[in-house]
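Hi everyone, thanks for coming. Let me put a structure up on the screen, and then we'll talk about some charged side chains.

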Amino acid sequence: MHIKSINSGRLNALSLLIAFMPISYALGSLILSLNTVIIIIYGFYIFKFEMFIIQNKVFRYLIYFFFVYLITITLINNLKYLNENDLYGNHVLKSFFYLRFLLLFLIVNKIAEKGFLNVRYIYLSSAFMTLFLSLDVILQFYTTKDIFGITSNDPNRFAGFFGNEFIAGGYLQIFSFFLIFCSILFSKNKKIFIIVFFISVVLLLVSIAFTGNRMPFILFLICLFSFGLLEKRLRKANIIILTIVIVSISYLINTDRSHFSNYEKVIHVRDLIKNFYANSHDILVNSKILFSGEMKSEVNSAHLKTFYAGVDLWKENKLLGSGLKSFRINCKFDFNKQCNTHPHNYYIELLLDVGLIGTIIMSLIFILPLWKFIKINYLIHSKNFYERLLVMPFFLIVFAYAFPIKSSGSFFTTSVSTFIFLFLGVLINSEKVKLNKL
């Protein structure tokens, strides 16, 4: 069936299901997975086998190759050990179940490719959830309880309605720019846009800082800085914001806590920033010596120990990798090495699991849509200011996921893979995304 003959109501319903993903994420992994399955089933019902055709041939070969390669290399490295540990069998099954993210990508790609994705729904759901969570975190920070009466077990971290699952900072960082740019849904008045832009950025800076999730705060600043570099019309506004943030952080780091003796909340934020600075400094100073194998003393950073364990383990199978979730099976504790379920960096995990071959392929899967967006919007200039902003959140989300120098969760978890491949499906078709009317 040709896509133009499909009932517009079905396409609208599919857009609503896709827009429900940020809400599903907040409701838990089970609901997120269920929503993914519904999108796949409903999308296949609409598009049939046409969904498997990706117009961008290079991207088509890359993404199909990555998923086939992941399954193949997992089978090679796990099948012979099935009788030794149940984890080997689980990893084989999970490599096949991981195909659901390819199917999710194909559905989102197809509806975006044909220009029928209603991004207004995604904007509204993401902006609402971001605003609600931001205010909820701030309320919890100042009163110890969020709007639902939830308190945090960690005095240094606040997650709002996520309770003691400390992922609020990451959630806010992912969906932040939908809130920041949401005024373009209703008005093209520049003054209104600037006001919403400034208020939203300040709100997010404060709320992400209060979550205690340090890397999302840094990633938010990096995305804000990158946006400023690309978009000349807002470069001054970004420079002002970033200057204020940098000066404030420098002041808090270099000022003795006794100067804030009457401001308990300020002391709390100062200690969070200072601890993050100390840990980051430790990683930067010691990483080169540690990875060269010349470190004689024990490093303080647990993240650095995990990175080192991952990189050292990768050297055993550099080219091909050791299959899905190999770190948890093969890692061994040693001097300055710390094991975990994953190595806390996407690229180290990819190197371990799919080797140089798979990592290069996944890097290209990130790079091609990002470059295509920049080329269309800032080299060819085929879109105006507001049309560029409409797709900018998708670009910044993928950019943040692709950013290599950061600590992170596992690349292959449900929440991470869901939004990587969902937003890739939109971004690769950025030139076709328009603001459909409700």
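Predicted model: local features only at pLDDT ≥ 70, side-chain atom pairs only at ≥ 80, totals over all residues.

Residues are numbered from 1 along each chain as its sequence is written, and side-chain values use heavy atoms, with hydrogens and water left out.

So what counts as a salt bridge? It's a side-chain nitrogen of Lys or Arg within 4 Å of a carboxyl oxygen of Asp or Glu. By that rule, we get six salt bridges.

Take Lys114 and Glu50: their closest N and O atoms are 3.9 Å apart. This pair links distant parts of the chain, 64 residues apart, with Lys114 in the loop between helix H6 (99–113) and helix H7 (119–143) and Glu50 in the loop between helix H3 (29–47) and helix H4 (57–78). Helices here are DSSP runs of H or I, at least four residues, numbered from the N terminus. Lys114 is partly exposed, at 28% relative accessibility; that label sits between buried, under 20% relative accessible area, and exposed, over 50%, using a 1.4 Å probe and protein chains only.

Next, Arg388 and Glu231 form a salt bridge at 2.6 Å, N to O. They're 157 residues apart: Arg388 is in helix H16 (residues 385–402), and Glu231 is in the loop between helix H10 (214–230) and helix H11 (235–254). Arg388 is buried at 10%, and Glu231 is buried at 2%.

Last one for today: Lys305 pairs with Glu298, closest N and O 2.5 Å apart, and Lys305 is buried at 12%.

Notes:
Helix = DSSP H or I, 4+ residues; strand = E, 2+ residues; numbered from the N terminus.
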